[in-house]
Amino acid sequence: IDILYMNGAPCGFYEVDRLNPLATDLAFFGLFPHAHGLKIGRWFLSQAILACWENDPDKLTLKTCTLDHKAALPLYQSMGFSPVSQTVEMVKPLSEAEKRIILK
């Protein structure tokens, strides 16, 4: 996990998953809301991509979803990623009982 700081405060992060030596996965990538619009997303994503290629995998993967920022998919595509599959999933909110268990 790498964290991007700006003026001493975290403003973005990424996590590289190298469990599969043939396919490195950019497991997480994101900017915090206070960093949106500062034109650092492309640069930070390029740093994450470089980190992913350090172990010379055959391919690099990442996943995105509709919960991501609206600019995420176009940015990924402009950086060379191509969609290969699509699935429909639903996020189920926690029930009150589940919340109580977590907050114990």
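**Salt bridges, a helix face and a core**

Mentor: Arg18 and Glu54 join through their side chains in a salt bridge, 3.9 Å from N to O. The pair connects distant parts of the chain, 36 residues apart: Arg18 is in the loop between β2 and β3, and Glu54 is in the loop between α1 and β4. Keep in mind that this is a predicted model.

Trainee: How many salt bridges does a search of the whole structure find?

Mentor: The search finds three. Another of them joins Lys92 and Glu98, at 3.5 Å from N to O. Lys92 is exposed, with a relative accessible area of 62%, while Glu98 is partly exposed at 29%. Glu96 and Lys99 also form a salt bridge, at 3.3 Å from N to O.

Trainee: How should I read the separation of Glu96 and Lys99 in helix α3?

Mentor: Start with the general idea. An α-helix has 3.6 residues a turn, so residues three or four places apart point the same way. Here, Glu96 and Lys99 are three residues apart in α3 (residues 96-102), which means that about one helical turn separates them. Lys99 is partly exposed, with a relative accessible area of 36%.

Trainee: Which charged side chain is nearest to Asp25, and how far away is the one of opposite charge?

Mentor: The nearest side chain of opposite charge is Lys63, 4.1 Å away. A salt bridge requires nitrogen and oxygen within 4 Å, and Asp25, though buried, has none. Asp25 lies in strand β3 (residues 23-31). Beyond its neighbours within four places in sequence, Asp25 contacts Glu15, Val16, Asp17, Thr61, Leu62 and Lys63.

Trainee: What does Val16 contact in turn, leaving aside neighbours within four places in sequence?

Mentor: Val16 is in contact with Thr24, Asp25, Ala51 and Cys52. Val16 belongs to strand β2 and counts as buried because its relative accessibility is 19%, the cut-off being under 20%.

Trainee: Which residues of α1 are buried, and where do they fall around the axis?

Mentor: The buried residues in α1 are Gly41, Phe44, Leu45, Ala48, Ile49, Ala51 and Cys52. Viewed down the helix axis, the buried residues of α1 fall within an arc of 160 degrees, so they line one face of the helix. Their cover includes β1 (2-6), β2, β3, β4 (59-62) and α2. As for length, the 13 residues of α1 should span 18 Å at 1.5 Å a residue, and the end C-alpha atoms are 18 Å apart, in agreement.

Trainee: Which members of the largest nonpolar core touch the most other members?

Mentor: Of its 19 residues, Tyr14, Leu26, Phe29, Leu45, Leu60 and Tyr76 do. At least two residues of this core come from each of β2 (9-17), β3, α1 (41-53) and α2 (72-78). The largest share, six residues, is supplied by α1. Not counting residues up to four places away in sequence, Tyr76 touches Phe29, Leu45, Leu62, Thr64 and Phe81.

Trainee: What is the phi of Asn7, and what is the phi of Asp56?

Mentor: Most residues other than glycine have a negative phi. Asn7 has a positive phi, near 55 degrees, and Asp56 also has a positive phi, of about 55 degrees. Asn7 sits in the loop between β1 and β2 and is exposed at 80% relative accessible area. Asp56 sits in the loop between α1 and β4 and is exposed at 64%.

Notes:
Residues numbered from 1 in each chain as written. Predicted model: local features only at pLDDT ≥ 70, side-chain atom pairs only at ≥ 80, totals over all residues. Heavy atoms only, no water. Helix = DSSP H or I, 4+ residues; strand = E, 2+ residues; numbered from the N terminus. Buried < 20%, exposed > 50% of the residue type's maximum accessible area, 1.4 Å probe, protein only. Lys, Arg positive; Asp, Glu negative; His and termini not counted. Contact = heavy atoms within 4.5 Å. Core = buried A, V, L, I, M, F, W, Y, C linked by side-chain atoms within 4.5 Å. Expected span 1.5 Å × (residues − 1). Arc of directions from axis to C-beta.
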